[in-house]
Amino acid sequence: MKQSLSRRSFAKLAAGAAAVPAVAASALSPVDAAAQGSPMRGSGSRPFPPDFVWGSATASYQVEGAVNEDGRGKTIWDTFSHTPGKVHNGDTGDVADDSYHRYPEDIALMKEYGLKGCRFSVAWSRIFPEGRGKPNQKGVDHYKKLVDALLAAGVQPFCTLYHWDLPQALQDKGGWQNKDTAQALADYAGYMAGQLSDRVPQFMTTNEIDTFVYVAYDQAVHAPGIKLSRGELAQVCHHAVLGHGLSVQAIRAHAKPGTRVGLAEDYHACTPLVDTPEGIAAARIAMREENASIMNAIMTGKYTDLYLKTLGADAPKFTDAEMKTINSPLDFVGMNCYTATYIRPAQDERGYAVVPMAKSHPHAVSTWLFVAPEALYWGPKLSSEVWGIKTMYITENGCSGADTVMPDGQIYDTDRVAYLRNYLQNLQRGISEGVPVKGYFLWSLLDNFEWAEGYGQRFGITYVDYQTQKRTPKQSALWYKALIARNAL
């Protein structure tokens with residue numbers, strides 16, 4: 001997940017996995033009973049494609065814990081979270097959800113919910129503790145066991161190779177300010193694709209370049225927490241998109257033939273505030289320009305003229321060969337979508353303007369997460385049109401909440417259910433009109449470490465008691481299970 005102005009801005013079957021814990025089965029039984037009785041009014045009226053992939057998403061540092069086990073190296077998030085004042089309440093990911101040990105239990109939950117896909121990330125420093133060099137076999141073996149358990153449960157694995165946890169050893173050599181990090185990412189990505197592509201058919205190079213660049217190096221809210229000049233920031237972003245492109249090439253060179261490659265990016269879901277022809281046209285322009293430094297560069301191999309003009313002397317230094325690498329062909333695009341960037345027409349050089357959110361605009365517990373369900377219609381629609389994307393996944397979408405366990409043991413997260421229902425109605429609308437979205441990965445399966453917000457915000461459909469590690473399905477899990485069973489809203 002991310003923390004930025006456009007999203008999170010403050011900032012997997014072993015013997016015991018064949019059955020869900022008693023609390024999970026008990027909590028889910030009302031939905032099962034309801035499904036056998038009267039259906040919801042309108043049930044089945046808004047169907048999804050028969051082969052639609054319903055899934056959930058997690059990230060290594062946010063759920064795994066076990067930071068000092070089996071040869072794992074230190075990451076920038078270990079360093080950052082242990083630095084006083086950097087993370088809410090002094091929280092760290094040292095234990096998190098302990099999914100490194102408890103993944104069979106978590107996969108059992110996926111199976112109980114009916115999930116068809118799981119998006120997980122590999123911790124780079126479990127494979128190469130120093131970022132490069134000799135691979136750590138214990139780390140490799142862990143992810144092979146994880147994937148095997150997913151497959152045994154009938155859950156399709158989608159692997160993200162970099163979800164922000166850069167090995168500290170690479171940061172010590174400059175991190176993303178050093179162009180060599182782009183090649184180090186590619187070397188790691190190619191190696192892991194070679195190790196897992198006999199089991200994993202889909203890989204994503206990176207998660208949210210936008211976040212790990214701008215929130216870390218501009219806002220200094222995420223690891224490594226450095227405030228750069230505008231020119232330095234633009235160059236870091238160029239190194240990151242170059243790392244993506246090099247990784248695409250490395251995966252194709254080392255993976256089993258037929259392996260599909262993409263990325264997960266939280267690009268701006270440019271949405272017409274007023275959907276007149278003029279408003280839609282302005283949003284279409286904005287989709288390219290508001291995403292000029294990352295998605296447009298990746299999809300077209302070019303930085304827009306306006307982007308370069310705006311930066312002037314601060315524009316990134318690049319070569320034609322680098323831009324061609326950045327534009328390496330993708331098999332799919334993953335879109336992380338939480339809120340909208342509202343757009344209106346403007347009579348100026350840009351042809352559009354970003355509309356600020358009203359002070360009274362409803363938002364989740366996360367103050368950056370303004371509720372804007374239409375983003376899940378316009379974002380996929382306009383991006384597929386602008387860049388000619390043929391296959392998309394919603395690789396993250398979800399809602400933070402102030403979830404509490406009630407006296408009856410339930411978590412009535414009505415806000416999250418309402419959020420998901422409204423967003424998915426908009427997604428279904430787009431798919432029914434031909435927008436090529438093939439799957440949806442809800443953020444998140446579990447409550448987890450939410451980066452600079454620590455454990456103060458909960459995004460899971462499964463409640464985690466961090467003291468006992470007990471998992472309890474929330475009402476949103478019951479809702480999601482029923483949706484998946486119907487494959488329709």
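In the predicted model, Asp447 and Lys474 are joined by a salt bridge in which the closest N and O atoms lie 2.7 Å apart. The two residues belong to distant parts of the chain, 27 residues apart. Asp447 is located in the loop between strand S11 (437-443) and strand S12 (462-465), whereas Lys474 is located in the loop between strand S13 (470-473) and helix H17 (475-486). Asp447 has a relative accessibility of 0% and therefore counts as buried, the limit being under 20%. Lys474 is likewise assigned as buried because its relative accessibility is 0%.

Across the structure, 23 salt bridges are found.

Another of these interactions joins the side chains of Glu349 and Lys309, with an N to O distance of 2.6 Å. This pair, too, links distant parts of the chain, the two positions being 40 residues apart. Glu349 lies in the loop between strand S8 (341-345) and strand S9 (352-354), and Lys309 lies in helix H13 (residues 305-311). Glu349 counts as exposed because its relative accessibility, 55%, falls in the class defined as over 50%. Lys309 is also classed as exposed, with a relative accessibility of 57%.

A further salt bridge is formed between the side chains of Glu433 and Arg429, at 3.5 Å from N to O. Here the accessibility values fall in the intermediate class, which extends between the limits for buried and exposed residues. Glu433, at 45% relative accessibility, therefore counts as partly exposed, and Arg429, at 35%, is also assigned as partly exposed.

By residue class, the lining of the second largest cavity comprises 9 nonpolar residues and 1 polar residue, with no charged residues.

Notes. Residues are numbered from 1 along each chain as its sequence is written. This is a predicted model: local features need pLDDT of at least 70, side-chain atom pairs count only at pLDDT 80 or more; totals for chains, interfaces and linings use all residues. Side-chain values use heavy atoms; hydrogens and water are left out. A salt bridge is a side-chain nitrogen of Lys or Arg within 4 Å of a carboxyl oxygen of Asp or Glu. Helices (H or I, at least four residues) and strands (E, at least two) are DSSP runs, numbered from the N terminus. Buried means under 20% relative accessible area, exposed over 50%, partly exposed in between (1.4 Å probe, protein chains only). Ala, Val, Leu, Ile, Met, Phe, Trp, Tyr, Cys and Pro count as nonpolar, Asp, Glu, Lys and Arg as charged, and the others, Gly among them, as polar.
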